[in-house]
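Here are my notes on this model, point by point. Please read them with the structure open.

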Amino acid sequence: MKYRIVSILLLLVSFSICANNLETAKELYESGNYSEAYPLFVEVINEKPKSKDIGQLNQWAGECAFYLEDYDIAESHFNKSKAKNIADAYRFLGLISFFNYDFDLAGDYYVKYEQLLNKAKKDIP
């Protein structure tokens, strides 16, 4: 019985830490502090790999890596976001493809990005 109580308490503390990391990561991201936000997003991703928000978490991590000019890591996160149909993943993958002079692939990503935005009835930024 004692072990169950300890296990439950540890689980609750773990959820609390994860939630705090996510809130802190979002605040750092929104203030443009990508180098500090990125490891927190990765920590949340690793702690909750089956989260219903995993696509968005990978998107935020990818954007942090992108703005830190670590395009390979960013691309990896964006591909995971793309698998969850996060529209902005296609925009950033298009930019990375453009930077790599793969203009056909960049165009394909932008077309998909536009389709997803139209489907969601959102304007292209």
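1. A term first. A residue is called exposed when its relative accessible area is over 50%, and buried when that area is under 20%. Tyr 101 is exposed because its relative accessible area is 65%. Tyr 101 sits in the loop between helix 5 and helix 6. Its phi deserves a look: the value is near 60°, which is positive in a residue other than glycine. Keep in mind throughout that this is a predicted model.

2. Glu 69 belongs beside that. Glu 69 is in the loop between helix 3 and helix 4. Here phi is near 65°, again a positive value in a residue other than glycine. With a relative accessible area of 60%, Glu 69 is exposed too.

3. Now the overall layout. The chain holds six helices and zero strands. Read from the N terminus, the order is α-α-α-α-α-α. The chain has 125 residues, and 34% of them count as buried. Take the contacts in the chain with a separation of 6 or more: 40% of these join residues 24 or more positions apart.

4. Which residues of the largest nonpolar core touch the most other members? They are Phe 41, Leu 57 and Phe 78, in a core of 29 residues. Every one of the six helices contributes: helix 1 (2-30), helix 2 (34-47), helix 3 (54-67), helix 4 (71-83), helix 5 (87-99) and helix 6 (103-119) each supply at least two residues. Helix 3 gives the most, with seven residues.

5. Next, helix 3 against helix 4. Their axes come within 8 Å and cross at roughly 160°. Angles over 145 degrees count as roughly antiparallel, so helix 3 is roughly antiparallel to helix 4. The crossing is left-handed. From helix 3, the contact uses Gly 55, Asn 58, Gln 59, Ala 61, Gly 62, Glu 63, Ala 65 and Phe 66. Helix 4 answers with Tyr 71, Ile 73, Ala 74, His 77, Phe 78, Lys 80 and Ser 81. By class, this contact has seven nonpolar, six polar and two charged residues.

6. Is Asn 58 buried or exposed? Asn 58 is buried, because its relative accessibility is 4%, under the 20% limit. The residue lies in helix 3. Leaving out residues up to four places away in sequence, Asn 58 touches Ile 45, His 77, Lys 80 and Ser 81. His 77, Lys 80 and Ser 81 are on the helix 4 side of the contact in point 6.

7. Last, helix 3 against helix 5. These axes come within 10 Å and cross at roughly 25°. Angles under 35 degrees count as roughly parallel, so helix 3 and helix 5 are roughly parallel to each other. This crossing is left-handed. Gln 59, Glu 63, Phe 66 and Tyr 67 in helix 3 meet Asp 88, Ala 89, Phe 92, Leu 95, Ile 96 and Phe 99 in helix 5. The contact residues divide into seven nonpolar, one polar and two charged. Gln 59, Glu 63 and Phe 66 of helix 3 are named in this contact and in the contact with helix 4.

Definitions and conventions
Residues are numbered from 1 along each chain as its sequence is written. This is a predicted model: local features need pLDDT of at least 70, side-chain atom pairs count only at pLDDT 80 or more; totals for chains, interfaces and linings use all residues. Side-chain values use heavy atoms; hydrogens and water are left out. A nonpolar core is a set of buried Ala, Val, Leu, Ile, Met, Phe, Trp, Tyr and Cys residues joined through side-chain atoms within 4.5 Å. Buried means under 20% relative accessible area, exposed over 50%, partly exposed in between (1.4 Å probe, protein chains only). Helices (H or I, at least four residues) and strands (E, at least two) are DSSP runs, numbered from the N terminus. Axes are lines fitted to C-alpha atoms, for helices over the stretch in contact, and angles run from 0 to 180 degrees between N-to-C directions. Angles under 35 degrees count as roughly parallel, over 145 as roughly antiparallel, 65 to 115 as roughly perpendicular and the rest as oblique. A crossing is left-handed if the near helix is turned anticlockwise from the far one by less than a right angle, and right-handed if clockwise. Contact means heavy atoms within 4.5 Å. Ala, Val, Leu, Ile, Met, Phe, Trp, Tyr, Cys and Pro count as nonpolar, Asp, Glu, Lys and Arg as charged, and the others, Gly among them, as polar.
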